[in-house]
Amino acid sequence: MSKIPMAIEELHRSESDLAADLLRISDRHKADHEVHHVARDIARWSQQHVRELARIGRDFGLELDAEPPGDVTVVAKVRQKGDELLGRHHEASMLLIADLRKVHKDAAGVSLDWEVLAQTAQALKEKELLDVAEKCHPQTLRQMRWANAHIKEASAQTMVTP
């Protein structure tokens, strides 16, 4: 029995989580217009990946949710207000580094999942599945590189400023 359905399910979950994290960062860091807009833009890639995985998953007997996480603005605002009421004030730049670090780590995991799926699809000659992996995986790598570049940019300034 093929383990492809399990791999597709795991990747679907991971891409959904990555999209939600990017949307959360976009909302949390609205004051940084570049982070806000780029995070929102690249979250769309993960949202599209979720749709692609749901579509291709049907070929393997899976019923995955084709609707990826949407705008989490209201939830993020409630969470942020709750943190403020509980006295959890975070320096914005430190919070940004932590958020970007999480996205980088999550995107790295998603990237590995795409590699596993692509190698399996190639070995089993599942052309359509391989095509989806080859289309989506480079975008995940770009998400990871974006987070890494912003960590480098923000960390030096944040860590040396009193």
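**View 1. The salt bridge between Glu52 and Lys135 in a predicted model.** Glu52 and Lys135 are joined by a salt bridge whose closest N and O atoms are 3.2 Å apart, a salt bridge being a side-chain nitrogen of Lys or Arg within 4 Å of a carboxyl oxygen of Asp or Glu. This pair links distant parts of the chain, with Glu52 in helix H2 and Lys135 in helix H5 (residues 127-160), 83 residues apart; helices here are DSSP runs of H or I with at least four residues, numbered from the N terminus. Glu52 is buried, with a relative accessible area of 11%, whereas Lys135 is partly exposed at 46%, where buried means under 20% relative accessible area, exposed over 50% and partly exposed in between, for a 1.4 Å probe and protein chains only. The model is predicted, and local features need pLDDT of at least 70, side-chain atom pairs count only at pLDDT 80 or more, and totals for chains, interfaces and linings use all residues. Residues are numbered from 1 along each chain as its sequence is written, and side-chain values use heavy atoms, with hydrogens and water left out.

**View 2. Glu52 with Arg55 in helix H2.** The side chain of Glu52 also meets that of Arg55 in a salt bridge, at 2.9 Å from N to O. Both residues lie in helix H2 (residues 33-57), where they are three residues apart, about one turn of the helix. Arg55 is partly exposed, its relative accessible area being 29%.

**View 3. Arg13 and Asp17 in helix H1.** Between Asp17 and Arg13 there is a salt bridge in which the closest N and O atoms are 2.7 Å apart. The two residues are separated by about one helical turn, because they stand four residues apart in helix H1 (residues 4-28). Asp17 counts as partly exposed at 37% relative accessibility, and Arg13 is likewise partly exposed, with a relative accessible area of 41%.

**View 4. The crossing of helices H1 and H2.** The axes of H1 and H2 come within 8 Å and cross at roughly 160°, the axes being lines fitted to C-alpha atoms over the stretch in contact, and the angles running from 0 to 180 degrees between N-to-C directions. H1 is therefore roughly antiparallel to H2, a description that applies to angles over 145 degrees. The residues of this contact divide into 15 nonpolar, eight polar and three charged, where Ala, Val, Leu, Ile, Met, Phe, Trp, Tyr, Cys and Pro count as nonpolar, Asp, Glu, Lys and Arg as charged, and the others, Gly among them, as polar.

Methods: Parallel < 35°, antiparallel > 145°, perpendicular 65-115°, else oblique.
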